[in-house]
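Welcome, and thanks for taking a look at this one with me. Below are a few numbered notes to read alongside the structure.

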Amino acid sequence: MKHLTQYFLRGLITFLPVALTIYVLYLFVVWTETLAMRAIRPIIGDFYLPGLGIALGALLIVGLGVLISLPTAPRLLSWVELPFTNLPVVKSIYSSLKNFADYF
C-alpha cells in the first residue's frame, strides 16, 4: 500500500502542473475569443474567424509592450504597481509572480 501511495503522489505531482497549464491556456483562449466576438461583432456582423481572439490578444500584448517602452512608462507603472506592493496578501502574490516573470 505504501508503494501505491508513493506512485499516486508522484503521478499527481507530475500531472498537476501540466493539467493546470493547459487549463489556464484554455481559459485564456476562451476569454480572448469571447472578447473578440463582443468587440468585433457589432462592426462586422456575424462574420467571424476562429482564432481572431488569439490574434487580438497578441496585438494587445504587443501594444502594451510598446506603451511600456515609452520614456514615461516607468513612473506610470510605479503608480499602477503601488496598490499591489502595499497590500499585505496581494504583495506576496504579486511579488512572487513578478519575480517569476522577471526570471524569463
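This is a predicted model: local features need pLDDT of at least 70, side-chain atom pairs count only at pLDDT 80 or more; totals for chains, interfaces and linings use all residues.

1. Residues are numbered from 1 along each chain as its sequence is written, and side-chain values use heavy atoms, leaving out hydrogens and water.

2. Now the overall build. The chain holds four helices and zero strands, in the order α-α-α-α from the N terminus on. (Helices are DSSP runs of H or I with at least four residues, strands are E runs of at least two, and both are numbered from the N terminus.) The radius of gyration, taken over C-alpha atoms, is 20 Å. That is well over the 13 Å that the globule rule (2.2 Å times the number of residues to the power 0.38) gives for 104 residues, so the chain is more spread out than a compact globule. Along the principal axes, the C-alpha atoms fill a box of roughly 60 × 40 × 25 Å.

3. Next, burial. Of the 104 residues, 9% count as buried, meaning under 20% relative accessible area, with exposed over 50% and partly exposed in between (1.4 Å probe, protein chains only). Glu33, in helix H1, is buried at 16% relative accessibility. Setting aside neighbours within four places in sequence, Glu33 is in contact (heavy atoms within 4.5 Å) with Tyr48, Pro50, Gly51, Leu52, Gly53 and Ile54. Leu4 also lies in helix H1, but Leu4 is exposed, at 56%.

4. How many aromatic pairs does a search of the whole structure find? The search finds one. The ring centres of Phe28 and Trp31 are 6.3 Å apart and the planes meet at 40°, so this pair is tilted. (Rings of Phe, Tyr and Trp, the last by its six-membered ring, pair if their centres lie within 6.5 Å; planes under 30 degrees apart are stacked, over 60 edge-to-face, and the rest tilted.) Phe28 and Trp31 sit three residues apart in helix H1 (residues 2-44), so about one helical turn separates them. Phe28 is partly exposed at 35%, whereas Trp31 is exposed at 53%.
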